[in-house]
Structures are given as structure tokens and as C-alpha cells.
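Please look over the sequence and the structure below.

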Amino acid sequence: MLIAYSAWPEIDARLKTTKTVVVPIGSNEQHGPTGLLGTDWMCPEIIAHAAEKADDSLVVAPTFNIGMAQHHLAFAGTISLRPSTFMAAITDWVSSLSRHGFERIYFLNGHGGNVATIEATFSELYAEWSFVEEEPPYVLKLRNWWDLPGVNGLCNAIFPTGHGMHATPSEIAVTQAAYPDRIKSAEYSPKIAPSGPIRDALDYRARFPDGRIGSDPGQASPEKGQRIIDAAVPALLKDVAAFADEVLPGR
Ligand code: NI
């Protein structure tokens, strides 16, 4: 069930049997000369929506598509929240979903730069309950799509060299599988992009002139992307089921 494509009575009814919701979360940021700006929110959305198609008992929230991307702001089209804004927005998403009765909220993330801020938000949310010695009305989980069991291994097997850190061939391939009419090509120079630290936007642009870090996205293809999606979907369904069924001691 996709919340955005449902009517409220359907969600109301579903909450009688399901207390778990998946929130795809990512970023709108440059992904090199050929990668779509939406890559980091599209990948978790593509996987979550395919999983929902395979098993309608999965409840998927609208995609949280703007994240922590200050380091990409020297490239046109990038939209970023500062960490404090991102934390405030995640807090309100959790509070809204919790208010209706969702008790287990699973964030499927597509952007490494979001991880620290999402985890800090979880700690802020839990702290409110810890200080007053009460149980929070929700359990929160963060999973990067590439960390779903078996997915990272598959990506490394398909792309043994030039996978890199940003604008990776695996994430580009996943978007190519979903949006084959949006595939772009370029002459990458150098073929494998440089690597280095991530700091502010001007430093990033100086170190990584075309936006890639350590990657050769020219290896991507829709077929490879479909293999990754096909591995991620059952892994997500299993991971969410385990989260939904986890017994909480003392409750
Ligand atoms: Ni990315």
C-alpha cells in the first residue's frame, strides 16, 4: 500500500493490522555528468515501490526527497537542507506517522550524507522519552538500500573496479532500469574519478570537477540495475518483516 496513492479510510483500515511503515529517504543532488539529480531518492523509492508491488502488505510513505547535500551545492540543480532543518523535518514526519498509530518506522535511505543526521534525529527523538522515563510510542530503523543483505556483495561483483563513493555505477544502473528513457552518456575524463575527503561545496567542486568520487558510471546498464533491484526487493521485504516482528523486551 502506497500512502500517497491511498485514501484515508484505507490507511485507517490498514492500521488495524499493520503498525509498520517504510519511508524512502534520499537527496536531490548532482550525480556527475550523466547521473540524475534525483538518484539518491529514486533508488530507495524504486526498491520500496517494487517491494510493495510484490507484497501489498508493505505500507510505503511518500518519499522524503531532499536531504543533507550542502557539499554538492556548487553544482546546479542541487537542493539541500542544513542538518538542523533536516532533523526538524524528520521529527515531524515521525510525529505525524506515530500520531496515526504507526509504531515501527523504517527509513530506507539512498544517500550516505544523510546517515549521521538521521541517526542524530533518532537520538533526539528517543531522548524526549528517556528523560521522562517513558517508553517512546515508536521504534525507528535506518537501512541504506545498498546495505540490505546481499546487495553490496552483488554490486561489488558486478562492478569490481570503479564503483567509487559517489555517482556509483550501481546507483546509476538502478535509475537506468526504472527510467530507461532518461539515460544519458558522456566521455568521462578521467575514466575513474578521483577520491578524497568531503568538506564544503567549493572544496568539493575543486577536488571533484565533474561531481563523481572514485566512480566510473559508464559501466552502468539497465540490465545490471534490474539485477540489483531484483536482489534488493526480497531483502527489503525480509528486513522489514523482521523489524515488524521484533519482540521488544519489557513491553
Ligand atoms: Ni548517490
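Arg14 sits in helix H1. The model is predicted, and every value here is computed from it. Arg14 counts as buried, because its relative accessibility is 17% and the cut-off for buried is under 20%. Beyond its neighbours within four places in sequence, Arg14 is in contact with Met1, Asp56, Ser57 and Val59.

**Overall build**

- The protein has eight helices and three strands.
- Read from the N terminus, the order of elements is α-β-α-α-β-α-β-α-α-α-α.
- The radius of gyration is 19 Å, close to the 18 Å from the globule rule for 251 residues, so the protein is as compact as a globular protein of that length.
- Along the principal axes, the C-alpha atoms fill a box of roughly 55 × 35 × 30 Å.
- Of the 251 residues, 51% are buried.
- Among contacts with a separation of 6 or more, 74% link residues 24 or more positions apart.
- The accessible surface is about 11,900 Å². Carbon and sulfur atoms account for 55% of that surface.

- Is H6 largely enclosed by the rest of the structure or left open, and why? H6 is largely enclosed, because nine of its ten residues are buried.
- The buried residues are Pro169, Ser170, Glu171, Ile172, Ala173, Val174, Thr175, Gln176 and Ala177.
- These buried residues pack against H2, helix H5 (151-158) and helix H8 (222-245).

**The H2–H6 crossing**

- Two packed helices are described by the angle between their axes and the distance between the axes.
- For helix H2 (residues 39-54) and helix H6 (residues 169-178), the axes come within 9 Å. Their crossing angle is roughly 65°.
- The crossing of H2 and H6 is left-handed.
- On the H2 side, the residues in contact are Thr39, Asp40, Met42, Cys43 and Ile46. On the H6 side, they are Glu171, Ile172, Val174, Thr175 and Ala178.
- By class, this contact of H2 with H6 holds six nonpolar, two polar and two charged residues.
- An α-helix has 3.6 residues a turn, so residues three or four places apart point the same way.

**Backbone exceptions**

- Most residues other than glycine have a negative phi, and most peptide bonds are trans.
- Glu133 is not a glycine, yet its phi is positive, at about 55°. Glu133 lies in the loop between helix H4 (115-131) and strand E3 (139-144). Glu133 is exposed, because its relative accessible area is 77% and exposed means over 50%.
- Ala167 also has a positive phi, about 60°, although it is not a glycine. Ala167 lies in the loop between H5 and H6. At 0% relative accessibility, Ala167 counts as buried.
- Which peptide bond is cis, with omega near -5°? The bond from Ser189 to Pro190 is. Pro190 is in the loop between H6 and helix H7 (201-207).

**Toward the N terminus**

- Ala4 lies in the segment before helix H1 (8-14).
- Ala4 counts as exposed, because its relative accessibility is 54%.
- Ala4 and Ala206 are 202 residues apart in sequence. In space, C-alpha to C-alpha, Ala4 and Ala206 are 40 Å apart.

Terms used:
Residues are numbered from 1 along each chain as its sequence is written. This is a predicted model: local features need pLDDT of at least 70, side-chain atom pairs count only at pLDDT 80 or more; totals for chains, interfaces and linings use all residues. Side-chain values use heavy atoms; hydrogens and water are left out. Axes are lines fitted to C-alpha atoms, for helices over the stretch in contact, and angles run from 0 to 180 degrees between N-to-C directions. Helices (H or I, at least four residues) and strands (E, at least two) are DSSP runs, numbered from the N terminus. A crossing is left-handed if the near helix is turned anticlockwise from the far one by less than a right angle, and right-handed if clockwise. Contact means heavy atoms within 4.5 Å. Ala, Val, Leu, Ile, Met, Phe, Trp, Tyr, Cys and Pro count as nonpolar, Asp, Glu, Lys and Arg as charged, and the others, Gly among them, as polar. The radius of gyration is taken over C-alpha atoms; the globule rule is 2.2 Å times the number of residues to the power 0.38. Buried means under 20% relative accessible area, exposed over 50%, partly exposed in between (1.4 Å probe, protein chains only). Accessible areas come from the Shrake-Rupley method with a 1.4 Å probe; for residues, only the protein chains shown count as cover.
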